[in-house]
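Subject: Structure handover, with notes on strands, disulfides and salt bridges

Dear colleague,

I am passing on the structure we spoke about, and my notes follow below it. Please read them with the coordinates open beside you.

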Amino acid sequence: MKRLILLVLVSLFYSGSASAGPCDGEIPGNDPGATWCSAGDVGTIAAGVTLNRNTNRVLIPSDDNTITNYGNITGTHNYVIDTDSGSGGDNLVINNKSTGFIRSYKSRTIWLEDVQGEVEINNEGEIKAYTYCAICSSNNRGSITVTNSGTIHTSTNNPGTGVEVYNSAIGFTSPGTGASYTINNSGTIKSVDDNLAGIYVEDDVNATIINSGTIQGHGTRRAINIQDHGTETGTTIKLSGEPTFTNGIELGKTITNIVLQNDITGDLTVEIYNYDGDLTITNELSGNDTYTLTEEDLDSDGTADDGTLTILGEDL
């Protein structure tokens, strides 16, 4: 009987070991090769551990993965975390904790492509691309949600990276796929060099952007840049708390709904560029709080299609 119990325990041990994927449990660092996750893996990179590769693609998720990072995921090229049709990436959760650091020395630090299911990126730490695309996405059909209370940013421009379409810290393109995108920012999203936007979205990606933190563009590019691309689905921008939009918001005369939420806690002004009758402002302000939007030429293009959105609160 004891022998039978021992055999069963040994069998269970080896069975469990065989089913564990490369990203299941503690994920080790210092592997010169890429880490390819298996479907269903739930893994953690501990504080002080570095997962690094001196080429493209450091961590490649599969379907139904949850990756929690307390350490460092870094690469000297592009696609530090990379999903594509070959490897999967559906129903993916990435938790970058307050000690977590994810960085590309070039571009596309987190690259989401051909995703069919849901993706959640929760950032409390730092996600950085030296050039473009700390987080970028293309050709997805599911829902992608980025919740940021940390810092997502770029550092400098290198035109040799080949992803100039995005020109931003976060960029979403998925024309005609039915995907949806939500960014909820209470931290900082910024580009600091060479005319990069904080967030770039095309007008056909079903984007909702909620900001109670800071979104910053550089040069002639805005905090948020909406690009007119074709069949519009509309973009929603919700103002919450005490939001800051450094360099304003570029609407590109697209269908946009700016929502003034009732949790705004201070007077604020936001410069709006290139708006027309496709702009809707939804007023949810509390009590006697009011807003105004001017019509003027802020970008010196000879047309009064810009304006300053001002919120003044008697109850704020």
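Which residue in β22 is the bridge partner of K190? Before the reply, please keep in mind that this is a predicted model. The partner of K190 is Q216, and the two strands concerned, β19 (residues 188-190) and β22 (residues 214-216), run parallel to each other and are paired over three bridges.

That pairing belongs to an open sheet of eight strands, whose order is β4-β7-β10-β13-β16-β19-β22-β25 and whose pairing is parallel. The edges are taken by β4 (50-53) and β25 (244-246), each of which has a single partner strand, so that one side of each is left without a neighbour in the sheet. On average, and with direction ignored, neighbouring strands of this sheet are turned by 5 degrees against each other.

Strand β9 (residues 92-96) pairs with β12 in the parallel sense over five bridges, and here L92 stands opposite V119. β12 also pairs with strand β15 (residues 143-148), again in the parallel sense and over five bridges, with N123 standing opposite N148. In a regular strand, side chains alternate between the two faces of the sheet. In β12 (residues 119-123) the covered face consists of V119, I121 and N123, while E120 and N122 make up the uncovered one.

C23 lies in the loop between α1 (2-19) and β1 (25-26), and C37 in the loop between β2 (35-36) and β3 (42-45), so the bond ties together parts that are 14 residues apart in sequence. C23 counts as buried at 0% relative accessibility, and C37 is buried as well, with a relative accessible area of 9%.

The other disulfide is formed by C133 and C136, whose sulfur atoms are 2.1 Å apart; the torsion about its S-S bond is about -80 degrees, so this disulfide is left-handed too. C133 is buried, with a relative accessible area of 0%, and C136 counts as buried at 0% relative accessibility. If the bonded cysteines of the protein chain are numbered in sequence order, the pairing reads 1-2, 3-4.

Turning to charged side chains, the count comes to three salt bridges. One of them joins D82 and R57, at 2.6 Å from N to O. D82 lies in strand β8 (residues 81-82) and R57 in the loop between β4 and β5 (59-60), so this pair ties together parts that are 25 residues apart in sequence. Both D82 and R57 are buried.

In another, the side chains of K97 and E124 meet at 3.9 Å, N to O, a value to be read against the cut-off of 4 Å for a salt bridge. K97 sits in the loop between β9 and β10 (101-104) and E124 in the loop between β12 and β13 (126-129), 27 residues apart, so that the pair links distant parts of the chain. K97 is partly exposed, with a relative accessible area of 24%, and E124 is likewise partly exposed, at 39%.

The remaining salt bridge is between K253 and D305, at 3.1 Å from N to O. K253 lies in the loop between β26 (249-250) and β27 (256-260), and D305 in the loop between β30 and β31, so the pair ties together parts that are 52 residues apart in sequence. K253 is partly exposed, with a relative accessible area of 36%, whereas D305 counts as buried at 7% relative accessibility.

Finally, a word on backbone torsions. Most residues other than glycine have a negative phi. N274, in the loop between β28 (268-273) and β29 (279-283), has a positive phi near 55 degrees, and at 14% relative accessibility this residue counts as buried. S300, in the loop between β30 (290-293) and β31 (307-312), also has a positive phi near 55 degrees, but S300 counts as exposed, at 66% relative accessibility.

Methods
Residues numbered from 1 in each chain as written. Predicted model: local features only at pLDDT ≥ 70, side-chain atom pairs only at ≥ 80, totals over all residues. Heavy atoms only, no water. Pairing = 2+ DSSP bridges. Helix = DSSP H or I, 4+ residues; strand = E, 2+ residues; numbered from the N terminus. Axes fitted to C-alpha atoms, helices over the stretch in contact; angles between N-to-C directions. Buried < 20%, exposed > 50% of the residue type's maximum accessible area, 1.4 Å probe, protein only. Disulfide = S-S within 2.5 Å.
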